[in-house]
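Me: I'm new to this one. Can you walk me through how to read it, one feature at a time?

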Amino acid sequence: MKIKNIFLFLVGLCLFAISIPSSGIMLMEVIYRAEMVNTYNITELNGMFEGAPASYDFSGNMISTTHELKDEPPYLNGSDNLVYPADISISINGDIIEVLERYPVKLERDGLNQKGLSQYTHYLSYWLIENQKSGENFFAVTLQLNGADTKQIKDGIMDGFIPPDEIEYELLTVQEDGTVEKDFFTYQDKTKLQTQLITPMFAGPAGYYTDDLTGYPSAIFPLIYPFLTTLIGIILMLVYFPYKVVFNRRKPKSIN
């Protein structure tokens, strides 16, 4: 076999070996997203942060979010928006289910008063979920439990963000019959459905297997690496695989 062919086969093998861990987990993420689309119809009521009402009637069940401002001065958050410390209460059918203490509430932006869910940004979100296979419908409220009062505030400005692997969540689900359930999860330890109920922050939604597909793609990642390098590696291995060495066997010598 020619040395050139062996070299190109080894190059393909190396490209495939260094690329398949990343491209493989991304492929799993793509399959996961397709599974979620085929199983659920999910709507975030305040997906564009345009001020969806903080009170919602779901099959006769009233879900409401209100807040009480603290006697503390406002400050600028990480997005340079003026926010006010407040205790945020979530009630279902008149019963207070959860209280988020000293969370930032945005009362205005660019001179305009903020209403409804827009006041609470990504710390609180409402969701409508329909299981397309079972026909079951339920309502969900996702709450971020940390990060609001653990950030350092210097000179009236909130400094930095909580790393994703430290974020904790509470999920309140309301069934059509009024049954309410609580579930706790973290960004690192979440179910497939819980992943879908994390409101998008920064560049995109949360990933279940990997977050590599949630940001903005560039020419290098993931187009060149790992997708193109995986494809080139497979092609080189198929074209320059040592078929003759593996499959060609010498015929046994005849005995006269």
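Me: Where does Asp 87 sit?

Reply: Strands (E, at least two residues) and helices (H or I, at least four) are DSSP runs, numbered from the N terminus. Asp 87 belongs to strand S5, which covers residues 82–92. Bear in mind that this is a predicted model: local features need pLDDT of at least 70, side-chain atom pairs count only at pLDDT 80 or more, and totals for chains, interfaces and linings use all residues. Residues are numbered from 1 along each chain as its sequence is written, and side-chain values use heavy atoms, with hydrogens and water left out.

Me: Which residues is Asp 87 in contact with, leaving aside its neighbours within four places in sequence?

Reply: Contact means heavy atoms within 4.5 Å. With those neighbours left aside, the partners of Asp 87 include Thr 66, His 67, Glu 68, Val 99 and Arg 102. Lys 70 is on the list too, and a polar contact of 3.4 Å joins its side chain to that of Asp 87. A polar contact is a pair of N or O atoms within 3.5 Å; within protein, one must be able to donate a hydrogen and the other to accept it, and residues adjacent in sequence count only if both atoms are side-chain atoms.

Me: Is Ser 19 buried or exposed?

Reply: Buried means under 20% relative accessible area, exposed over 50%, and partly exposed in between (1.4 Å probe, protein chains only). Ser 19 has 0% relative accessibility, so it counts as buried. Look for Ser 19 in helix H1, residues 3–39. The Ser 19 side chain reaches the backbone oxygen of Leu 15 at 2.7 Å. Beyond its neighbours within four places in sequence, Ser 19 is in contact with Tyr 225, Pro 226, Thr 229 and Thr 230.

Me: How many aromatic pairs does a search of the whole structure find?

Reply: Rings of Phe, Tyr and Trp (its six-membered ring) pair if their centres lie within 6.5 Å; planes under 30 degrees apart count as stacked, over 60 as edge-to-face and the rest as tilted. The search turns up 9 aromatic pairs. One of them joins Tyr 56 and Phe 139, stacked at 5.3 Å centre to centre with 25 degrees between the planes. Tyr 56 is in strand S2 (residues 55–58) and Phe 139 in strand S10 (residues 137–144), so this pair ties together parts 83 residues apart in sequence. Tyr 56 is partly exposed, at 26% relative accessibility, whereas Phe 139 is buried at 0%. Ring pairs also link these two with Phe 58 and Tyr 126 into a cluster.

Me: What lies over the face of Tyr 187?

Reply: A charge sits over a ring if NZ of Lys or CZ of Arg is within 6 Å of the ring centre and within 35 degrees of the ring normal. Here, Lys 190 takes that place, 4.5 Å from the ring centre of Tyr 187. The side chain of Tyr 187 also makes a polar contact with the Asp 211 side chain (3.0 Å).

Me: Where is Asp 211?

Reply: Look in the loop between helix H2 (192–196) and helix H3 (223–239). Asp 211 counts as partly exposed, at 33% relative accessibility. Its side chain reaches the backbone nitrogen of Gly 207 at 2.8 Å. The C-alpha atoms of Asp 211 and Glu 29 are separated by 8.8 Å, though the two residues are 182 apart along the chain.

Me: And the protein as a whole?

Reply: The secondary structure comes to 4 helices and 14 strands. Of the 256 residues, 38% count as buried.
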